[in-house]
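Work through the exercises below with the sequence and the model at hand. Try each task before you read its solution.

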Amino acid sequence: MQGLILAILAYTIWGLFPLFFSYLSHVSPIEVTAHRIIWSLVATLTVGLALKRGKHLWEALHNKTTLLWLGASAVFIAINWLVYIWAVGQHRVLEASLGYFIMPLVSLLMGRLLLKESLHPLQAIAGGIAFLAVLWELWSFGSLPWVGVVLSFAFAFYGLIRKIHPIDGINGLTIEALWLMPFVILWIGWQANSGESILQFGHDTTTTVLLISSGFLTALPLVLFAMATRRINLSIVGFIMYLNPTIQFLIGVYVLDEHFPQARLVTFILVWLAMLLFMLGMWQQQKQKQAAIKTD
């Protein structure tokens, strides 16, 4: 029960991100992303040392293979963060939530094609329906829902790298932030010395506090998620995962009052159908594995 509560808390916090970042819509998405990286590093280092994971971090920093792969994952998470923050500022939360709805299906496809993982027939159908949803969006609006596509693929590639070279979330994010820090420092230095600087940090207390909080808010659900996965079955965590885009969807429609054309309702109905089939297929796979274990 404790693990279930922790997982729900983690995904609820992720789902509430549009509300938080909407208060930073007056700040450049690049600056918000830069501060998210800076303060995430501060937060993960603090939490990692508090949880006595310094030894594991030191070992990872001396592993060239791990470092190189985390450099690649850092690029994908930076793209994900930047596009997401931009989308919130442009009132495109619904497109962002669409991306997180289809992300597990993209990950499933990558696992099948790149890792040769087994695929349940229902999950294959789910992938096909999700593809139809993207085609419908292209046909009805004349353009791809690129925000959702970029977010889903960036995070799916990020997850793929983390699966191939596993490392705990706290130390992994610490190393990714370290990879990104030189670029952050160069960009902030360039802006600080520019005659037309767009930097908002330090201009007013509210903005400064929100920018600092972005890093700690990034680390908090990671810690809760790590605690949850140690207490409950991953299939349950996978089901709760959809709490995040569902909350984002509801915030976009009912709180941020985003325009929701009827044609996009068809997109979401197709995605929700794919989501249900995906979860049903995962549940049946889990039952088959448990039955096989009992037979052995």
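This is a predicted model: local features need pLDDT of at least 70, side-chain atom pairs count only at pLDDT 80 or more; totals for chains, interfaces and linings use all residues.

Residues are numbered from 1 along each chain as its sequence is written, and side-chain values use heavy atoms, with hydrogens and water left out.

**Exercise 1.** Find how many salt bridges the whole structure holds.

Solution. Start with the rule: a side-chain nitrogen of Lys or Arg must lie within 4 Å of a carboxyl oxygen of Asp or Glu. Search the whole structure with that rule, and three salt bridges turn up.

**Exercise 2.** Describe the salt bridge of aspartate 168 and say which parts of the chain the pair ties together.

Solution. Step one: the partner is arginine 53, and the closest N and O atoms are 3.2 Å apart. Aspartate 168 sits in the loop between α8 and α9 (169–192), and arginine 53 in the loop between α3 (29–50) and α4 (54–61), so the pair joins parts 115 residues apart in sequence. Helices here are DSSP runs (H or I, at least four residues), numbered from the N terminus. Step three: check accessibility. Buried means under 20% relative accessible area, exposed over 50%, and partly exposed in between (1.4 Å probe, protein chains only). Aspartate 168 has 27%, so it is partly exposed. Arginine 53 has 15%, so it is buried.

**Exercise 3.** Is glutamate 176 buried or exposed, and which residue is its salt-bridge partner?

Solution. Begin with the partner: it is arginine 162, with the closest N and O atoms 3.0 Å apart. The pair links distant parts of the chain, with arginine 162 in helix α8 and glutamate 176 in helix α9, 14 residues apart. Now the accessibility. Glutamate 176 is buried at 0%. Arginine 162 is buried at 14%.

**Exercise 4.** Describe the second largest pocket by its volume and its lining.

Solution. First, the term. A pocket is an open set of points on a 1 Å grid over the protein atoms alone, where a 1.4 Å probe fits, with protein on both sides within 12 Å along at least five of seven lines; lining residues have an atom within 4 Å of a point. Next, the volume: about 290 Å³, counted as the space filled by probe spheres set on the points. Then the lining: it has 16 residues, and Leu105, Val106, Leu109, Gly127 and Phe131 lie nearest the centre. Helices α6 (93–114), α7 (121–141) and α8 (146–164) each give two or more residues to the lining.
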